[in-house]
Amino acid sequence: MARFGGYRGPGGGGMNMQQMMRQAQQLQEQMAKAKEDLENARVTGTAGGGAVTVTLSGSKRFLGIEIKPEVVDPDDVEMLEDLIVAATNEAYVQAEELVKNSPLSQLGM
């Protein structure tokens, strides 16, 4: 009768199924915690010396924008648009850094 490599039967060494299931559950819990931490994290990007501030979650969900009234010039909407884009891009880079350094990244997610 052929034996499959590495299996030694009950109690014959190696990792048992119960231990593997426990480790899988721990990994799932770690992943869920890391995802929750990212969702709860907040990053901000600013432009124009703080005239525009964009806030994202660590999971890169857009949460809000603050625009100081003095930057709202109906004759120069393009400048305001550029500030919004710059602040959003800065916040996005910070969110990317959070994701890169999160446990999810270390787990290969």
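This text walks through a predicted model, from the overall fold to single residue pairs.

Start with the chain as a whole. It holds three helices and three strands. Read along the sequence, these elements follow the pattern α-β-β-β-α-α. Of the 109 residues, 22% count as buried. The accessible surface comes to about 8,000 Å². Carbon and sulfur atoms supply 55% of that surface. Among contacts with a separation of 6 or more, 46% join residues 24 or more positions apart.

Now turn to the sheet. Three strands form an open sheet in the order β1-β2-β3, and the pairing is antiparallel. Strands β1 and β3 stand at the edges, each with a single partner strand, so one side of each is left without a neighbour in the sheet. Neighbouring strands are turned by 15° against each other on average, direction ignored. Helix α2, residues 77-100, packs on this sheet and touches β1, β2 and β3. The direction of α2 makes about 145° with that of β1.

Follow the strand connections next. Strand β1 covers residues 42-47, and six bridges join β1 to β2. The two strands form a hairpin with four residues between them. In that turn, G48 has a positive phi of about 65°. Strand β3 covers residues 62-67, and five bridges join β2 to β3. Here too there is a hairpin with four residues between the strands. K60 sits in this second turn and has a positive phi of about 70°.

Take T53 as an example from β2. T53 has a bridge partner on each of two strands: T46 pairs with T53, and E66 in β3 is the bridge partner of T53. Leaving aside neighbours within four places in sequence, T53 is in contact with T44, G45, T46, G64, I65 and E66.

Charged pairs come next. Side chains of opposite charge can pair when their charged atoms come close. The model has four salt bridges by the rule used here. One of them joins K33 to D37, with the closest N and O atoms 2.8 Å apart. K33 and D37 are four residues apart in helix α1, so about one helical turn separates them. K33 is partly exposed at 48% relative accessibility. D37 is also partly exposed, with a relative accessible area of 38%.

Another salt bridge reaches between elements. E39 pairs with R61, and the closest N and O atoms are 2.4 Å apart. E39 lies in helix α1 and R61 in the loop between β2 and β3, so the pair ties together parts that are 22 residues apart in sequence. E39 is partly exposed, with a relative accessible area of 25%. R61 is partly exposed as well, at 44%.

Which residue pairs with K60? E96 does, with the closest N and O atoms 2.4 Å apart. E96 lies in helix α2 and K60 in the loop, so this pair ties together parts that are 36 residues apart in sequence. E96 has a relative accessible area of 32% and is partly exposed. K60 is partly exposed too, at 31%. This is the K60 with the positive phi in the β2-β3 turn.

M15, M17, M20 and M21 make a nonpolar surface patch of about 430 Å². One of these residues, M20, lies in helix α1, which covers residues 17-40. M20 is partly exposed, with a relative accessible area of 40%.

Conventions. Residues are numbered from 1 along each chain as its sequence is written. This is a predicted model: local features need pLDDT of at least 70, side-chain atom pairs count only at pLDDT 80 or more; totals for chains, interfaces and linings use all residues. Side-chain values use heavy atoms; hydrogens and water are left out. Two strands pair if DSSP finds at least two bridges between them. Patches are made of residues with over 30% relative accessible area and no salt bridge: like charges are joined within 9 Å, nonpolar side chains (Val, Leu, Ile, Met, Phe, Trp, Tyr) within 5 Å. Accessible areas come from the Shrake-Rupley method with a 1.4 Å probe; for residues, only the protein chains shown count as cover. A salt bridge is a side-chain nitrogen of Lys or Arg within 4 Å of a carboxyl oxygen of Asp or Glu. Buried means under 20% relative accessible area, exposed over 50%, partly exposed in between (1.4 Å probe, protein chains only). Axes are lines fitted to C-alpha atoms, for helices over the stretch in contact, and angles run from 0 to 180 degrees between N-to-C directions. Contact means heavy atoms within 4.5 Å.
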